[in-house]
Number of protein chains: 2
Amino acid sequence: MLYIIGLGLGDEKDITIRGLEAIKSCTNVYMEAYTSLLSFGLSSNGLSNLEKLYGKSIILADREMVEEKSDDILSEAHNSNVAFLVVGDPFGATTHTDLVVRAKKMGIDVKIVHNASVMNAIGICGLQLYRYGETVSIPFFTDTWRPDSFYEKIQTNRNMGLHTLCLLDIRVKEPTLESLARGRKIYEPPRYMTINTAIEQLLEIEQAHQESAYGEDTECVGFARLGSEDQVIVAGTMKELQTIDFGAPLHCLVITGKTHPLEEEMLDFYRRGT
Amino acid sequence: MLYIIGLGLGDEKDITIRGLEAIKSCTNVYMEAYTSLLSFGLSSNGLSNLEKLYGKSIILADREMVEEKSDDILSEAHNSNVAFLVVGDPFGATTHTDLVVRAKKMGIDVKIVHNASVMNAIGICGLQLYRYGETVSIPFFTDTWRPDSFYEKIQTNRNMGLHTLCLLDIRVKEPTLESLARGRKIYEPPRYMTINTAIEQLLEIEQAHQESAYGEDTECVGFARLGSEDQVIVAGTMKELQTIDFGAPLHCLVITGKTHPLEEEMLDFYRRGT
């Protein structure tokens, strides 16, 4: 049996009892390391906190390991219980869908243990989840690569009065171009997009298109470390949010559409006096 | 302190450790009863299962109680810890947003404990969550009331290639019209819309509009009791799903937009042979 277990958003205590019981039944416990190193502070003593609570040692699996060695991980699941731990809910990222597909093709039983993810936890700001349009991703711009496919999507959402969740780029364990050319991978330091950078890029693209999909006076909500004890949530215009230091990652941003009175009342609690 | 604690989707074991610890610190524990009676089988011995695990007695709060007596519930939270338990995640329904607004206005600290909800757990079928458009609600039609505002939204989503989550009507503790006229409330038996009824209503509205927003050959995914041990998930056309008995509630339905190959591979696992 392969268990894919969502850990939620905060720390080791956000696992469900069902998830914890599943882990205790497993011989091997893997954990995806793309975002977890950060979310769970695993670089310091986070991993041991998890291991202490779970009573199991955890094998960190980075993207390369999951993509290259998934057959090994999965074949263990033929004869024993194997857990694969994921920050948030198991289906936040395509990688885990791929893992499930491979497992099922190998005839392995898969059980999913759900948990909160950014996709539903953003409900805390008061904007109703059923009033969101398509989610967009904001990638880090480079000198030569400034993709703007998010622009039209935000425009469409806002034309329909819908809110837009913007997921901000995470670059973990990306090989440098130079090292790829030399045939030996050296990795860039991890980078996580801040709300400030996201707004800067959004406004640059609005400048280029000039179609008023949004602007510096558009109401937004910035989320840092959503679901953690030290989360920061601030509502304000793009211009206002750009002046705020949200602190450590992960960040995400919601661009509002048309808001209802109850939504406005909730947002008011997250505004900062000027 | 007021804790609003998501219980997740399945049974008492879907609570997080953080949520369980919060409950143990509370003097009073309320639980919203609109959907929970069902999801957690509370009519039989579900409540005692919860109470056993939590080590607390639980006060069931129906919609009337929450709307009419929330000031009493909240004033307790001034001097002690009070928990309000919610099936899924706390911000699945507007009612809880309203409770938070009232609490904050009374100067009461509010802490949210997140969990999985239908909004993110539908990811299990393999359709990527960021490829969903606006969520729609399908209400029970009556002889005189056949609202179809969902039609245009589904059409818009599908025109953009996006999937649509359809939340199906729940009617719990609705007073009968007759009893309202007599001034003494008598309640209708609870009703939960099945996938079959939802598709019947969807196709009726398509017949009326004739704009091919969708049709009986449109690929859908039906979910029954999502997140429970006995969940049923089936992918197929509207016509195919209409012949399937999904069993006990709750049901929900996803109408696909444009699917990608990896999404198709996952859906294949949920198809039934013809």
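Me: In this predicted model, how exposed is B:Lys239, and how is its class read?
Reply: The class follows from the relative accessible area: under 20% is buried, over 50% is exposed, and partly exposed lies in between. B:Lys239 has 40% relative accessibility, so this residue counts as partly exposed.

Me: Which residue does the side chain of B:Lys239 meet in a salt bridge?
Reply: A salt bridge here needs a side-chain nitrogen of Lys or Arg within 4 Å of a carboxyl oxygen of Asp or Glu. The partner is B:Glu216, at 3.8 Å from N to O. B:Lys239 sits in helix 10 (residues 238–242) of chain B, and B:Glu216 in the loop between helix 9 (195–209) and strand 10 (219–224) of chain B; the two are 23 residues apart, so the pair links distant parts of the chain. B:Glu216 is itself partly exposed, with a relative accessible area of 39%.

Me: With which residue does A:Lys239 form a salt bridge?
Reply: With A:Asp217, the closest N and O atoms being 3.5 Å apart. A:Lys239 belongs to helix 10 (residues 238–242) of chain A, while A:Asp217 belongs to the loop between helix 9 (195–209) and strand 10 (219–224) of chain A, so this pair ties together parts that are 22 residues apart in sequence. A:Lys239 is partly exposed at 41% relative accessibility, whereas A:Asp217 is exposed, with a relative accessible area of 54%.

Me: Why does the pair of A:Glu21 and B:Lys13 join two chains?
Reply: The two residues form a salt bridge, with 3.1 Å between the closest N and O atoms. A:Glu21 lies in helix 1 (residues 17–24) of chain A and B:Lys13 in the loop between strand 1 (2–6) and helix 1 (17–24) of chain B, so the contact is between chains. A:Glu21 is partly exposed at 41% relative accessible area, and B:Lys13 is partly exposed at 30%.

Me: By what turn and shift can chain B be laid on chain A?
Reply: A turn of 180° with a shift of 0.0 Å along the axis does it, at an RMSD of 0.0 Å. That is the relation of a two-fold axis. The same surface serves both copies, as 100% of the contact residues of chain B recur in chain A.

Me: Is strand 7 of chain B largely enclosed or open, and why?
Reply: Strand 7 (residues 164–168) of chain B is largely enclosed by the rest of the structure, because four of its five residues are buried. Three bridges join strand 7 to strand 6 (residues 136–138) of chain B, and these two run parallel. In that pairing, B:Val136 stands opposite B:Cys166. The chain passes from strand 6 through helix 7 (residues 149–159) to strand 7 of chain B in a right-handed β-α-β crossover. Strand 7 is also joined by four bridges to strand 12 (residues 251–255) of chain B, which runs antiparallel to it. There, B:Leu165 stands opposite B:Val254.

Me: Which residues touch the most other members of the largest nonpolar core?
Reply: In soluble globular proteins, nonpolar side chains tend to be buried together. The core here has 80 residues, and A:Leu2, A:Phe223, B:Leu2 and B:Phe223 touch the most other members. Leaving out residues up to four places away in sequence, B:Leu2 touches residues including B:Leu74, B:Val82, B:Phe84 and B:Ile108.

Key:
Residues numbered from 1 in each chain as written. Chains lettered and ligands numbered in written order. Predicted model: local features only at pLDDT ≥ 70, side-chain atom pairs only at ≥ 80, totals over all residues. Heavy atoms only, no water. Buried < 20%, exposed > 50% of the residue type's maximum accessible area, 1.4 Å probe, protein only. Pairing = 2+ DSSP bridges. Right-handed = clockwise from strand over helix to strand, strands pointing away. Least-squares fit on C-alpha atoms with pLDDT ≥ 70 in both. Contact = heavy atoms within 4.5 Å. Core = buried A, V, L, I, M, F, W, Y, C linked by side-chain atoms within 4.5 Å.
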